[in-house]
Amino acid sequence: MTWNRKDLLGLEELSKEEIESILSTAESFKEVSSRDIKKVPALRGKTVVNLFYEPSTRTRVSFEVAAKRLSADVINIATETSSVRKGETLIDTGRNIEALKADIIVMRHNFSGAALMLARHLNISVVNAGDGWHEHPTQALLDIFTLKEKLGRIEGLKVSIVGDIAHSRVARSNAWGLTKLGAKVTVCAPKMLIPPGMEDFGVSVTHDIEKALKDADAVNVLRMQFERDGETAFPRQLEYFKEFGITQNRLKRAKKGIIVMHPGPINRGIEMSSQVADGENSVILEQVTNGIAVRMAVLFLVDKTRDGRE
Amino acid sequence: MEENRLLIKGGRVIDPANNLDEVTDILVEGALIAKVSKNIRGCDKIIDASGKLVIPGLVDMHVHLREPGREDKEDILSGTNAALHGGVTSLLAMPNTSPAIDSSFVVGILKDAIERSARANVFICGAITKAREGKEMAEIDKFKGQGVIAISDDGSSIDSEEIMSDALRLAKKYKILPICHCEDNKISPRGVVNAGFTSTRLGLRGITNESEYKRIERDIKLAEKLDAALHIAHVSTKESVDVISRAKKRGVRVSCETAPHYFSLDDSFVLSYDANFKMNPPLRSKEDMLAVREGLSSGVIDVIASDHAPHTENEKDIEFERAEFGVTGLETELSVAITHLINNKILGWTELVRKISLNPSRLLGIDKGTLGVGKDADITVIDFNKEWVVKKEEFLSKSGNSAFLGNKLQGLVEYTICAGKVYKWNS
């Protein structure tokens, strides 16, 4: 077992072995959720605080379920960042939570780097539940876990990530994680949604969905958000679906048995058709189930490191 | 008279204004340099400079003293103390204060404050437009009479070509130096870090090279049309160096400066989200950093200035995107230049002294940057072999937002002499 971090901030900083440690720990936790009594005492007496500066239902609920199945006490704090200028600083908020003798903060924040900053200032564990456009490590880990479960391996797989790469922390974390484990990653989006220097992640870049699907073992489809601040020229929704949407027709030309993933929530008819979302290639709901196991593993591992140090 | 005399003995004196680079003595009488010659005798007050470098005091043409308005970050007293600590005896105070230095009234207030508390020579740069908004001209016509020697909307770039042209025309008429912060905000809106792998990796909005050099191209075009002088602040990209180089070759009256962080650091330093590496323009790629060095050695870049931009801890030790732009530099610039330019043989001593003292003096039209007889006794004595580690607690600036904290640098200022007054540092 290779794990001695008190925090999980991103996949960029993790080694292949560390990622594998999380995945194998998740495997053993997965079974807990299928029991009649879905609970183990691994974090009994521990307090997990979900500190969410951005609206999120599914990630927050997934972390809450994961913590509760480990028997931890869970506190949810949802807060708005718009008033942050006049309010308490993030570090002060973190220190207050630490003073409450919480053990783990799970944080979602709209600023990139916020989780790292918090972790640097606190002794308790910080788990990044998404920071700005930077990383969303547990999402990528559950994507990878699901792929591995379905296809038996990661090394040598061809995985395409389709959608708004520029503004996506899910894309970045997946790119880091998959390439470290030896997958061949292609990102696919309109030019304006590919950020500069993307090739330096060790991934291929294409603007052609047919190319992205050809030979791919799996496609991870990102949620498109068209309501952004107008600084980037976005394609129109219908145009996007026509050019990049995942349809049954397109899948027919792809490799048989191609896995279709989506971090949710899905915009049906924009990123993918309903038939694909509900079709036999889709593993979208299994991702949700696996998210619990992966997050249980992460909470368990970071807590164990800290316990070991104390 | 005797008690007002000071002999700086046996140092290697580097004075490009007088083509001097030799071991010699300097006699100071009162506030002036009385004699430069070997084996001067008959003075009781002696600084033994043997094995040391003796250079004209640094002239830093890009300093944010923050007074009036943000005295929590810095004020004239602390800023000029920091200057002296770094070997800087003259500086140009940038006008992005609160209020901005945009009227004869505010210049008057600033002059009084300088009179009261400055320890080094402080020269004033006025704003180009009111409140630096790029819309209405500041009271430039009154500035010259009040001793203002330059104008700039530093921190902001002037989008309107018409207003920029007017500024260049007025600067030409009044013989003051127009200094341009070149940045086209429309190209990289709300960027916080160099655009490229670094910005993508960090998930932060990028600032492209284009946003800098496109605006430099435009301002050079305007200056060329008017046959006016133009000074470009904080050059940070390869393309900017190229654009300025080409303009100089065809005879445009353009000069430029860079700051120590652009020839010593690159954008990989930002990967820790440490806002002490957040400045505007941002730290660029390694290729750009090397191009800036090349621009210094080829002579395209005329000046090294610190862009000393003090900020409080509360404004820096926060989420990167919310943190203020800018780093301090007065107390490290000379050592950073020695460590990165002299040691890497990018510049020789004479060239360094030109860029950090003589050239800015000439561009600003002030009688500084020289050790000539009869000139002001503004002198810096450096122990150029001494290594030291940059520590926040040792700064005289009110702020500690340096990009070089913890760095080991070479070359330590041992004495700063400003108008004949001696400041001795450390031991």
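How many residues of chain A are in contact with how many residues of chain B? Select the two chains: 19 residues of chain A are in contact with 16 residues of chain B, two residues being in contact if their C-beta atoms, placed from the backbone, lie within 7 Å. This is a predicted model, in which local features need pLDDT of at least 70, side-chain atom pairs count only at pLDDT 80 or more, and totals for chains, interfaces and linings use all residues. Residues are numbered from 1 along each chain as its sequence is written, and chains are lettered from A and ligands numbered from 1 in the order in which they are written.

**The side of chain A that touches chain B**

Colour α4 (114–121) and α6 (169–180) of chain A, each of which supplies at least two residues of this side. Helices (H or I, at least four residues) and strands (E, at least two) are DSSP runs, numbered from the N terminus. The largest share, 3 residues, comes from α4(A).

**The sheet in chain A**

Next, select the open sheet of 4 strands in chain A, whose order is β2-β1-β3-β4, with parallel pairing; two strands pair if DSSP finds at least two bridges between them. β2 (73–78) and β4 (125–131) of chain A stand at the edges, each with a single partner strand, so one side of each is left without a neighbour in the sheet. Strand β1 (residues 47–52) of chain A is joined to β2(A) by 6 bridges. Centre on A:Phe52, which stands opposite A:Ala78 in β2(A).

Now display α11(A), which lies across β1, β3 (104–109) and β4 of chain A and runs at about 145° to β4(A). Axes are lines fitted to C-alpha atoms, for helices over the stretch in contact, and angles run from 0 to 180 degrees between N-to-C directions.

Select A:Ile105 and its surroundings. Leaving aside neighbours within four places in sequence, A:Ile105 is in contact with residues including A:Val49, A:Leu51, A:Leu118 and A:Val126.

**The two domains of chain B**

Finally, turn to chain B, which is divided into domain 1 (2–53 + 376–396 + 405–424) and domain 2 (57–364); the bounds come from an automatic or database domain assignment. The C-alpha centres of domain 1 and domain 2 of chain B lie 27 Å apart. Across the boundary, 22 residues of domain 1 of chain B are in contact with 26 residues of domain 2 of chain B. On the side of domain 1 that touches domain 2, the largest share, 7 residues, comes from β17(B).
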